[in-house]
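Q: I would like a close look at one part of this model, with the cut-offs behind each term spelled out.

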Amino acid sequence: RLNKVNQITDLCPDSKLFVSPILPTRIKALNARARRFNAKLFSHAHPSWTILGFNNFLDEDGDLLDSNFARFYNPSSNYRDRIHLGRMGISRLCLIMKDALLASRESAGQGNPKTGSRLGRSGLVTAHRSYAQALHGH
């Protein structure tokens, strides 16, 4: 239900909310339910919300979670986790969230080194420079 998100927006109109749609899975029926929920979420979105985009988690057909981002088959137990993200999926999710947060800081004038932000000289987070390092100017 979107009532809680709407309540937050009403009570704190200047807050910046990051809203996450439901991620795709490797189960078609579950994805159909997730799409319906996500469509409702997008149709009720408030202009101040940042809604994370997860289309790049989908396979080539655009129906299921790409197997590269899913947990892998465990041959010792013959178990396939078709719902949860694997290591690559979690990494991709973290990058999406990090990019949204940094873009938000940039638009608020906090992520631009010219404005005196705490993001250091380049303000960039790279494979060699973590978000925490960039935040603290290292």
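Q: Which residues does Thr 25 touch, not counting residues up to four places away in sequence?

A: Thr 25 touches Leu 30, Asn 31, Leu 64, Leu 65, Arg 82 and Ile 83, with residues up to four places away in sequence not counted; contact means heavy atoms within 4.5 Å. This is a predicted model, in which local features need pLDDT of at least 70 and side-chain atom pairs count only at pLDDT 80 or more, while totals for chains, interfaces and linings use all residues. Residues are numbered from 1 along each chain as its sequence is written, and side-chain values use heavy atoms, with hydrogens and water left out.

Thr 25 sits in the loop between strand S1 (17–19) and helix H2 (28–43). Helices (H or I, at least four residues) and strands (E, at least two) are DSSP runs, numbered from the N terminus. Thr 25 counts as buried because its relative accessibility is 5%; buried means under 20% relative accessible area, exposed over 50%, and partly exposed in between, using a 1.4 Å probe and protein chains only.

One of the residues that Thr 25 touches, Asn 31, is placed in helix H2. Asn 31 is also buried, at 3% relative accessibility. A polar atom of the Asn 31 side chain lies 2.7 Å from the backbone nitrogen of Thr 25. With residues up to four places away in sequence again left out, Asn 31 touches Pro 24, Thr 25, Asp 63, Leu 64 and Leu 65.

Asp 63, in that contact list of Asn 31, forms a salt bridge with Arg 35, the closest N and O atoms being 4.0 Å apart. This pair links distant parts of the chain, 28 residues apart: Asp 63 is in the loop between strand S2 (49–51) and helix H3 (87–107), and Arg 35 is in helix H2. A salt bridge here is a side-chain nitrogen of Lys or Arg within 4 Å of a carboxyl oxygen of Asp or Glu. Asp 63 is partly exposed, with a relative accessible area of 34%, and Arg 35 counts as partly exposed at 41%.

The whole structure has two salt bridges. Arg 71 and Asp 81 form a salt bridge with closest N and O atoms 3.3 Å apart. Both Arg 71 and Asp 81 lie in the loop between S2 and H3, so the pair ties together parts ten residues apart in sequence. Arg 71 is partly exposed at 46% relative accessible area, whereas Asp 81 is buried at 6%.

On a 1 Å grid over the protein atoms alone, a pocket is an open set of points where a 1.4 Å probe fits, with protein on both sides within 12 Å along at least five of seven lines, and lining residues have an atom within 4 Å of a point. The volume of the largest pocket is about 230 Å³, a volume being the space filled by probe spheres set on the points, which are joined across faces, edges and corners.

Of its 138 residues, 32% are buried.

Definitions and conventions:
Polar contact = N/O pair within 3.5 Å; in protein donor to acceptor, adjacent residues only side chain to side chain.
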